[in-house]
Amino acid sequence: MTWSFTDSAAAFRAAAAEHLAADPARNTAVLTLMDRAGRLGWWEEEDGTVTGVLVVSPPGVPAFGAVTEEAARALVLPGGEEPTRVRGETAAVEAYAEATGRPWAPTVRMRLFRLAELTPPDPAPAGTARLAAEDDVPLVAAWTREFAVAVGEEPAEDYTGFVTERTTEGRLWLWEGPGGRPVSMAAVSRTVEGQARVHLVYTPPAERGRGYAAGVTEAVSRAALDAGAAQVLLFTDLANPTSNALYQRLGYRPVTDHLGVEFERPAV
């Protein structure tokens with residue numbers, strides 16, 4: 001039983017294809033990040049069966065996909081690298097963190113949801129949804145930075161490329177309020193192994209409380225279904241009861257809980 005690692009998405013797919021396809025919902029983070037990952041890993045049992053996967057994406061944070069607690073406890077990254085943060089399903093992250101013997105603390109608790117039957121918001125918010133266009137990129141890039149700050153991430157200097165990719169591929173939607181002014185946004189990942197994940201749901205503070213997030217989330221979810229996604233997923237922060245309730249009203253149902261942890265740095 002051992003972990004193997006590669007920086008090749010093709011080699012990773014070849015080794016872990018069956019495991020990834022068996023539960024694309026629980027493997028959503030790995031599936032949506034693997035093509036731009038810095039490192040990919042898989043855990044093999046004695047008979048060669050893969051029972052765990054992980055992805056290390058910039059800026060070097062390991063994220064577990066579906067993985068056994070045994071595999072999580074046994075994880076040692078190449079070169080003995082000790083990550084400062086780890087995320088994934090709660091049981092796996094806790095097993096890994098405790099096995100390291102390093103002091104750690106939770107940074108975020110998330111819940112993965114899967115769409116059952118899409119239910120339009122009632123009452124419907126004023127306005128309408130539309131795909132983001134090239135002219136929207138500066139505004140959406142600024143909103144993306146605000147979103148990163150709001151969820152506790154270290155924001156990048158420039159999100160132009162990130163936003164442009166999603167815009168040109170038709171994966172970023174805006175909600176236009178009265179007067180045709182953009183007031184909310186949401187994006188969806190590429191569909192991989194039948195799953196697509198809604199992300200980047202953001203409404204500027206001044207526009208909140210009017211149902212715009214519900215409108216744009218329903219629109220982007222429907223677009224993912226129309227494009228052929230068998231499973232539409234999203235993560236919510238368990239510390240935000242408003243968003244958790246909103247997504248359940250739209251038809252999303254819980255799958256599993258996730259945890260992000262940060263390890264204490266040794267005293268100098």
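Helix 8 is followed by G251, a residue whose phi is positive, near 110 degrees; helices (H or I, at least four residues) and strands (E, at least two) are here DSSP runs, numbered from the N terminus. The structure is a predicted model, in which local features need pLDDT of at least 70 and side-chain atom pairs count only at pLDDT 80 or more, while totals for chains, interfaces and linings use all residues. Residues are numbered from 1 along each chain as its sequence is written, and side-chain values use heavy atoms, with hydrogens and water left out.

Within helix 8, the residues S243, N244, L246 and Y247 are buried, where buried means under 20% relative accessible area, exposed over 50%, and partly exposed in between (1.4 Å probe, protein chains only). Seen down the axis of helix 8, these buried residues fall within an arc of 160 degrees, so they line one face of the helix; the arc is that of the directions from the helix axis to the C-beta atoms. An α-helix has 3.6 residues a turn, so residues three or four places apart point the same way. The face of helix 8 turned away from the buried side carries the exposed residues P241, T242 and R249. Strand 6, strand 10, helix 7, strand 11 and strand 12 (252-263) are the elements against which the buried residues of helix 8 pack, contact being defined as heavy atoms within 4.5 Å.

N244, found in helix 8, is buried, with a relative accessible area of 8%. Neighbours within four places in sequence being left aside, N244 is in contact with F113, T236, D237 and L238. A polar atom of the N244 side chain also lies 2.7 Å from the backbone oxygen of N240. At the start of the helix, a side-chain oxygen of N240 reaches to within 3.1 Å of the backbone nitrogen of T242.

The largest nonpolar core has 25 residues, and those with the most contacts inside it are V198, V232, Y247 and Y252; such a core is a set of buried Ala, Val, Leu, Ile, Met, Phe, Trp, Tyr and Cys residues joined through side-chain atoms within 4.5 Å. At least two residues of this core are supplied by each of strand 6 (104-115), strand 8 (172-176), strand 9 (182-188), strand 10 (195-202), helix 7 (212-226), strand 11 (231-237) and helix 8 (241-249). Helix 7 provides the largest share of this core, seven residues. Apart from this core lies another, of 19 residues, among them A71, A72, V261 and F263. When residues up to four places away in sequence are not counted, V198 touches A187, V188, V220, S221, V232, L233, L234 and Y252.

In helix 6 (residues 160-168), V163, R166 and T167 are buried. Viewed down the axis of helix 6, the buried residues fall within an arc of 100 degrees, so they line one face of the helix. Their cover includes helix 5 (137-150), strand 8, strand 9 and strand 10. Just after helix 6, G170 takes a positive phi of about 70 degrees.

Positive phi values also occur in residues other than glycine. L200, placed in strand 10, has a phi near 60 degrees and counts as buried at 5% relative accessibility. E193, in the loop between strand 9 and strand 10, has a phi near 50 degrees and is partly exposed, with a relative accessible area of 44%.

How values were computed. A polar contact is a pair of N or O atoms within 3.5 Å; within protein, one must be able to donate a hydrogen and the other to accept it, and residues adjacent in sequence count only if both atoms are side-chain atoms.
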